[in-house]
Structure formats: structure tokens, C-alpha cells
Amino acid sequence: MRPLTEEESKAVFTKLANYIGKNLVHLIDRPDETYCFRLHKDRVFYVSESSMRLAISVARPNLISLGTCFGKFSKSGKFKLHITALDHMAQYAKFKVWIKPNGEMPFLYGNHVLKAHLGRITEDTPEHQGVVVYSMNDVPLGFGVTARATIDTRKLDPTSIIVFHQADVGEYLRDEDTLF
Amino acid sequence: MDVSSILGSFGPTQDDNDPEESNYILDAGYLTVTNTTPIDADLYNENIEQSIEQNARESSQKLLGALFHLPSTASADGRLALLPPPTFALPREKPLPKAKEMTKWERFAAAKGIQKKKREKKIWDEEKQEWVDRWGWKGKNKEGETQWLHEVPSNADVDHDPRKIARDERKARTAKNEKQKLQNLSHSTGQSSNDRKQEIERTLATTRVSTASIGKFDRQLEGEKKPRGIKRKFEPTEVSAEQEKKNALALFSSINSDSRKKRPETSGDNSVINVRKAIRTASKGQGGVALARKLDSGKRKSKR
Amino acid sequence: MVQGDLDSDDEPEDDEPLRGAPQEFDFDSDEDDGAGPILSTARISKQARPATIVPSNSDEDSSDSDEGGKITMANIEARSRALDEAAAAGAEIDAQELRQAALEASDDDIDMEEEDIDGELRLPTVTEREEEKNKGGPDVHTVQQRMKHCVRVLGNFKKRAEKGRLRHEYTEQLISDIASYYGYNEFLAEKLFQLFSVAEAIEFFEANEVPRPVTIRTNTLRTRRRDLAQALINRGVNLEPIGKWTNVGLQIFESSVPVGATPEYLAGHYMLQAASSFLPVIALSPQPNERVLDMASAPGGKATHIAALLQNTGVVFANDANKARTKSLTANVHRLGCKNVVVCSYDGREFPKVMGGFDRVLLDAPCSGTGVISKDSSVKVNKSERDFTLLSHLQKQLILCAIDSVSPESKTGGYLVYSTCSVTVDENEAVVDYALRKRPNVTLVDTGLPFGREGFTKYRGKVFNPSIGLTRRFYPHAHNMDGFFVAKFKIGKRSKSKTISEVNDVQMTVASAESGDEIGFDPNEDKVYIEKAKRRQMKAKGLRPPPREKE
């Protein structure tokens, strides 16, 4: 476990800023407790300082996880956000997409969001913008990237893709072995 | 003072039949005398100083006696004996030089039994009807480049240049030879190619950090590898969270400003003209402010 | 709903275990008195054997009224006299007799019509049994009948036994029949049989054949039970709160969708968790801002429950020795949105060395699983005596480590909860007793669970610490949850014990007596070492050694 280097922090922040924009400040500078990012075995954890200080006592090979896992660094140094970061992203998401009940299961099986399943979408969402996907009763289900801007979606046919799937809560079941 | 008569009185005449006489080996060239008579142990032990003294006296008498038999020349300081060349073989101080390692060609020639032929520097020129140099200034090997008329094949390209081709060929030959020479040289000094690679890498690593900023602000070249063997240093885990937060915020704000520079918010701006690009071309890449200043100064000039 | 369409392929097999439950459970809904999850079957058993259960007032009353009819002004005097007589005689009437009398009363009317069948049955002799075995065992029907017969005879041995047959012959026959009928090995069958009275043992074995109801725990970090129930009902799930003792549990009767793959499940609104595994956490009752350790936490049901009770404050250390199982643990921790959990993988026995000073520790010890036979029937045959010895040894080591990990100075806590999903005594009461003996600064306290039976204070000749009555046992046939055991300890400050200091004094006098001798042995020199060794020993026992004397 160690703090991120400047390059690593940059990679993490740019990825997160894609979804929550300037709200990222609220993650770094929290009013309730000081939180920090820690790297452990190429996974990035977002953890309160007190927890982190206690976890220092745990030896490196024995420590599995602490706080919330945000994602992992690939061997080539790229950062991939994991579904486990959804909680914090959903809290501060700038652009949101709601999907209808009949679209929930297809999305949770790892499919893209089709126009037919689209319930609501934040106004003025640009193209290729990171969005958090919710069910109609505001349960966060995952996140992805918009394929079209909000204005363009009106002209599309119902089977066209609106949001490219990136991660969904179904991964807790599907990718349990690789996720952690 | 002439002592020759005195010396002559008990010189060689007396010693001719001495059995010890043959034990003295004289080398006048080095002014050396060697007494090979075995030392009488009793006598020697009885009085060491005396026996050595006696031996030294007798030996030096032999040497000095011999000097007077040598041919001599007169000088202002007196007579000088002409020393014969030394006969004593002194041992060599340094080891013998190693045999030069054979080049690759020499090894091949030795294996095939090819004899080395002396190549004349001069060569007969049929045209000029005289001996010309094989290479060098006005050498025969430059004939293809210097001749006044060149043959051009019918299917040659437009830019076909026989002179250049001939020159390139010649230069390539020289370069090849030079390369072989270097290879032979490095081989003979026992340097492997791996050493060379390492040396290059070391030099490269040195040059990378040999800037005023210790290489911090140098632009990375494409395909340039990260310097190896340099240990990364991380912040300690238990660093103050306040400091960490400050750093993170600073980093975040820098990222934010970067992104704004890169991608301005052009949403809703559907005009045909790309203003930014226009300014760039008009100001020749110097930016809008510079352009305004220029225009301003131009106006003032025209007013005058 | 469209939901159903999507999942229609895998519906039938998923729903199979869910459909079994409701028939058993609709009794439960209208009787809310006393402990919540007690089944109708459990109730019957209670009436049958009033003495075995906590002697409640209602049982006494009913037996009284059975004997004497209504209380009227006329007979009250006679009754009171009779009562006085009974009280005088009560000294010699022990619990055993009471139970037998009750059994007699209840059995007589049931078994009237079976009398003729019983008449034909007789207990096979040893040689007959061997012959039977050689033939490949009797058929199921005869075994069943013989079991019934044995149970009846053992219920009132004096009256019903064949002449010349001994009690233990009947017991042996019954155990071997149970083993063959339910598919246990004889060792385990005997071990479990000895825990209960004869009739109750049969109920226990019977209950192990029936799957327990599917239960879920609401994740209070994400949602409320009412909202979750509404959301699941909308998906076609038939459910109901488990009982009054928990405000987060829901019991699922039937479901048209797989309960382990609904969007609510994936979003971490609930956790599939057996009702029994709520109990240790309720007993632990962690308070916000505490440091809690779950020593064997995979797959994370209890650890996430603790985190939810802490409301994401403080810190929970979820440990599991098995690294492969920590994956699902981490997945559950993240899915349920627990942000204060540190997952680590140590052998539990290393623990006070890794880290101590916990306010509360939960030790859900690895066990033989005799309480969850309905879930994992392989236990029936693969457990031998050696397994039990090894397991209880491991549990004893673990419980000491767990005790040492708790900070006695904790302001809010200083508690340890020990639980197993096993019903055997040597994994439960014996371990607790061992811990009490080894660590004098530890005391048992009330678990805070409103139901469950008291732990055994004596069992087959062994006498345990009387405070073990504060521990709680749960049985599948009585409480309709997995067999379970919960004990809660309070870890006090280490105190100087008088006995040790007395021993010290004796040693000192011996040393001073010896000092007069002429031999070249200097006791003063040794004293330092003796002192050191003694201190070390006391520390190992969990006592605080007296402060060092200044020279």
C-alpha cells in the first residue's frame, strides 16, 4: 500500500473527472473525514485516513482490500474504473441516464443501452461523455459513455445504442474472480 | 703518474699459471667481473669482513688490469679506454610481447593456404600509356567517376547518375573495409558486442540527465525506453493527509485548466468560421494579442 | 412484468427450494407471542416435553389444570392441601420423572392404535443384527417402524420394555437405525443423539432433512426494509419479516425471479443470509465508531451486517484465513457499500500479533457444521472423531487469540462473541469453558437474544462453569433456523490474582531458607530469573503481573 505518484493520480483524476467533473473536489476535500487514495497491488483504494492508518499494520501479502476499490492500473499504466466506484460516482454524477424497467436486465447482463430502454437523460449531455446509469427508481446500476448527444438521440431509431456499456453491477456476479 | 710498470710487475705474468685465474669472468663492456670460485666456508666464517674485502680487491685488480690492456685514446683528463661491446647477456625486464591476433581474413587465408602477395601501388594505364597510382589522388579506382564520357543504359531512370553510382560503390567499399578493420581491432582487444551495447546505454543514460534540469523537462522521444535500474521513490504511506490533500487539489486544478485549454466549450456555437484557426493563421501562430498589437502599431504608422 | 420474461428459462430450478417453505410457515403468522420464529412443530414438541425447555409458567399451569380440573371455592382447600403435600414430596421428584409423566400422558392417546403393530415388533438380538447387516441392511419400512417402537419404549422403559432387555440395547438399536435411515455414520448419529431426549432427537434428525427457509438481510446502508420489501414484491417475490427479534430480516416464501440476481440484489440492497447468522451480530451489537474484528468472515454476511450497524463509521477488520474465499468477501463488502471494511487474510491464530485493541471481536469459528446438515449433507458421513478433536483444538486456540485481541480498556465495548454453526458440546460449551478457565479476566454475559435454549452447564459427566447457562443454543427443529451456538464474553481488565502472589511468598521463604547453606548456589542470583519466568507465565495466562520491585 502506498500513495499514488503524480502520474497515477493524474490518470485516476482524469478518469473520474470524465464522470463527475469538478465534483471530484468533494471526493478529495471531504467535510466529514479526510479520505485518501492508496495503491495496493495495482488497485486504487479510496479510504478514510483512520482506516488507512490501521490497515498499515496488515502485511502486504495479507491485505486484500480496504475502503472502496476504485479500479486498477493495467500493466501499461492505464487506469480502469471498476464498478465498485459506482457509489461515489453516482453521488456526484454530472450527467445521468435512467433506464426503463425492461432495460434493466439487459444492461445488467453487460449490454449497451438502447434507445428503446432509455427512460430519461440529462439535458445537454454531449457526445462521448461519461454518464452514470440509473434505474427508474434511482438505483444506480452502472456507468458508460454516451454514443450521441442528447439532441441527436431524438432522430435515432429505437434499436440504436445511446450509451456504451462500461461497467454494471452485474459484474459483482459475473466477474467476481477478476474484479478483486 | 705511470703505474703501468708497477702493475705489470705482478700482472698477468704472475697469474698465468694461477688455477684461480680461469675462475674470473671479465666483461669489460659492462665493467663487470665475476668470481666463480666456490667460497671456502671456514675461511669465510672466520672473518667475514676480511674475506669479502680480499675477494673484492682481487676481483677489482683483475678488472682494472684488463682495462689497461684495452686500446685507448688520449684526452685532456688523461687516457680513456675504449670499452668493447658487452658480452654478458642481461635478462629481459619486460615479458615478451604477445603475438598479434590474426584478423579474420588472415585466419581464413592461413586455413586455405593463400599466400600474401605484395600489391604494387602503381598500375599500368593502357590509355595514358604510363604508370598511375592504384588509389589516392588521380587514382585508377576513381576512373569511373572522372572519365569524361559515361555509358548510360537505355532503360535508365531520368535521374540516373553513373558518376554518383560509381562513387557510392567506392565509398561503400571503403566503409566496409573500415568496419572490418574496427571489428578486427575490437576483437583483438577482447571487447564483446554486449559490452559495447552496455557502454552505449550507459552513455545514453548519462546524456539524458546531463541537462540543467537533470533531464526533467526534456521531451521524451518516441519509442524511447524508460531508463532502467533507476529505483522509483514513493511518498511514505503515513504521510500527513492534509499535505496529500493539498497536492491532490493542486494536481486536480492543473488538470482542469489543461482540459479547458485543449477543448474550449464550443457547444451551441455553430458558426461556419473557426475563429481560433483564423486568428492563428492571421497572426502566424503568435496569438490574438500579438495580432492586435501589430494592427495597432500599423495604424499609428499610417497616421504619421 | 417484462422482468419475468427475461428470466423465464431458469425459473423452475431456481424456485424449487423456495416453494417448499410456505406450507410450514403460515402457522407462524398469527401467533406472535414469545420467540418469533418458533414453528408449529416446535410448539408441539414444547407441549410434549415441558421439562426440557425453559420452565415457563404456562406449562406449569396447564399441567396443574390437567390434574385437578377447575379451581372452585369448594375444592380450593383440598387443592391447597394437595399442593402442600406435593411440595413436601417435590424434593424427591426430579425433572426426569416429570418429563416421563408428561410423555406418558401425551403418548398414550397417540399410540393406542399402534399397539398391535408394536406387539409384533421385538428388538433384534446382537446376532440378528449382524445377520441383518450381512444381508445388506433391513428395508426402510421396517427400520422406520422399529425406530418408532424404540422411541416409544424408551419413553417409558419400565412399562413397555421387553422382559430381559436392557435400556442400552434399545438405544444402540435406535442409533444404528437412525444412522441407516438418515444416512449418518454411526459415530455422528450417536454424538447428535446424545444431545437430546429420545423423542427430540428424532425431531432433530427429521428437521435436518428439510431445507430451511430462504432469508435475506436488508442492507440498511442502502435502503430500508419496507422499501426493499415493496421493491421485491413488485418483482413477484412473496415475503414476510422473519420475526420480531430482527428489524432487517425478511423471509422469502416464493419468488418468480432468482432472488440472488435481482437488480436490487446486485445494487446491494440485501444479502442472502441464513437467519441464524444474524444472531452473533445481534449479540455483538457493535456501536458506531468502534473498531471491530470478524475473525472468520467469508463470505461476509456478518462482516457487512456489522458495518451496517456501525453506519460506516469506525472500522471493521474482516479476516479470513482462506485467500480464495476473500474474493467473494470483498465482492460482498463492495456490493453492499461498506466503506469502513479492511479485508485481510491471516490465520486467525496470528491475530493479537497482527493487531489488537479491538472494541469488539466476532469469532464465528470454523466448525463441523452439524447445525447446517440440511444445507450440506456431506457432513453426515465425512466427520470422524478425529475431526472433532482437531476442530475443538483449533477453536480453543482461536478463542484465546480472539480474547487477547480485545482491548479491555475499551470504553464502549470489550466484548467477544463466539459462535459456531454446530450443535455438539465439545465445539461449544467445552470451548467456552476452556476459555473461561484459561483467561480469568473474562466473564460470560447475557447474549441479548430473546430466544434460544440455554447452553449445557453439565453434559455426560462433565461439569462446566455455571455461567455457561448464559450462552444460547438454537436448533433446526425448535427455532426453524440452522443449528447454532452463541456465547458473549466481556473481557475485563487483567487483575492481580491473590493465589499467584501467595505462591510468590512461599517461594521467597524457601529461597531465604536456602541462602544459609555453604554450597556455591546463590539463590539471589536465581531470583531474577525465577521472577522473570513467573511474570512471563502470568502474562501468558492473561493475568497482569505485579509491578517490578525497584532495587
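Which residue in β3(A) is the bridge partner of Tyr35(A)? Ser48(A) is the one, and that pair is a handy way into this predicted model. Before going on, a bit of bookkeeping: residues are numbered from 1 along each chain as its sequence is written, while chains are lettered from A and ligands numbered from 1 in the order in which they are written. Since the model is predicted, local features need pLDDT of at least 70 and side-chain atom pairs count only at pLDDT 80 or more, whereas totals for chains, interfaces and linings use all residues.

Let's stay in chain A, which has eight helices and twelve strands. Helices here are DSSP runs of H or I with at least four residues, strands are runs of E with at least two, and both are numbered from the N terminus. Strand β2 (residues 35–40) of chain A runs antiparallel to β3(A), with six bridges between them; two strands count as paired if DSSP finds at least two bridges between them. The hairpin of β2(A) and β3(A) has two residues between the strands, and there Lys41(A) takes a positive phi near 50 degrees. β3(A) also pairs with strand β5 (residues 68–73) of chain A, again antiparallel, through four bridges. In that pairing Arg43(A) stands opposite Lys72(A).

How enclosed is β3(A) itself? Six of the six residues of this strand (residues 43–48) are buried, so the rest of the structure largely encloses it. Buried means that 20 or more other C-beta atoms lie within 10 Å of a residue's own, exposed means 12 or fewer, and partly exposed is in between, with C-beta atoms placed from the backbone. In a regular strand the side chains alternate between the two faces of the sheet. Here both faces are covered: Arg43(A), Phe45(A) and Val47(A) are buried on one side, and Val44(A), Tyr46(A) and Ser48(A) on the other. For chain A as a whole, 46% of the 180 residues count as buried.

Further along chain A comes an open sheet of six strands with mixed pairing, in the order β8-β12-β11-β10-β7-β9. Its edge strands, each pairing on one side only, are β8 (113–114) and β9 (118–121). Strand β10 (residues 130–135) and strand β11 (residues 140–146) of chain A pair antiparallel over five bridges, and Val132(A) has Phe143(A) as its bridge partner in β11(A). Helix α5 (residues 101–108) of chain A lies across β7 (96–99), β8, β10, β11 and β12 (161–168), at about 80 degrees to β11(A). That angle is taken between N-to-C directions on a scale from 0 to 180 degrees, using axes that are lines fitted to C-alpha atoms, for helices over the stretch in contact.

Val133(A) deserves a look too. Leaving aside neighbours within four places in sequence, Val133(A) is in contact with residues including Val97(A), Phe107(A), Leu141(A) and Val163(A), where contact means C-beta atoms, placed from the backbone, within 7 Å.

Now over to chain C, where helix α15 (residues 225–234) has Arg225(C), Leu228(C), Ala231(C) and Leu232(C) buried. Seen down the axis of α15(C), those residues fall within an arc of 130 degrees, so they line one face of the helix; the arc is that of the directions from the helix axis to the C-beta atoms. Arg226(C), Gln230(C) and Ile233(C), on the other side, are exposed. The cover over the buried residues includes β1 (214–218), β2 (237–241), β3 (249–255), α16 and β4 (270–272) of chain C. Just after α15(C), Gly236(C) takes a positive phi of about 90 degrees.

How do the chains meet? The contact between chains C and A takes 26 residues from chain C and 34 residues from chain A. On the chain C side, α19(C) gives the most, with seven residues. Strand β4 (residues 63–66) of chain A pairs with β7(C) in the antiparallel sense over three bridges, and Leu63(A) has Cys344(C) as its bridge partner. Chain B touches chain A as well, with 15 residues of chain B in contact with 21 residues of chain A.

Last stop, chain B: Gly29(B) sits in the loop between β1 (24–27) and β2 (32–35). Gly29(B) is exposed, with 12 other C-beta atoms within 10 Å. The C-alpha atoms of Gly29(B) and Pro84(B) are separated by 5.1 Å, though these residues are 55 residues apart along the chain.

How values were computed: Contact = placed C-beta atoms within 7 Å.
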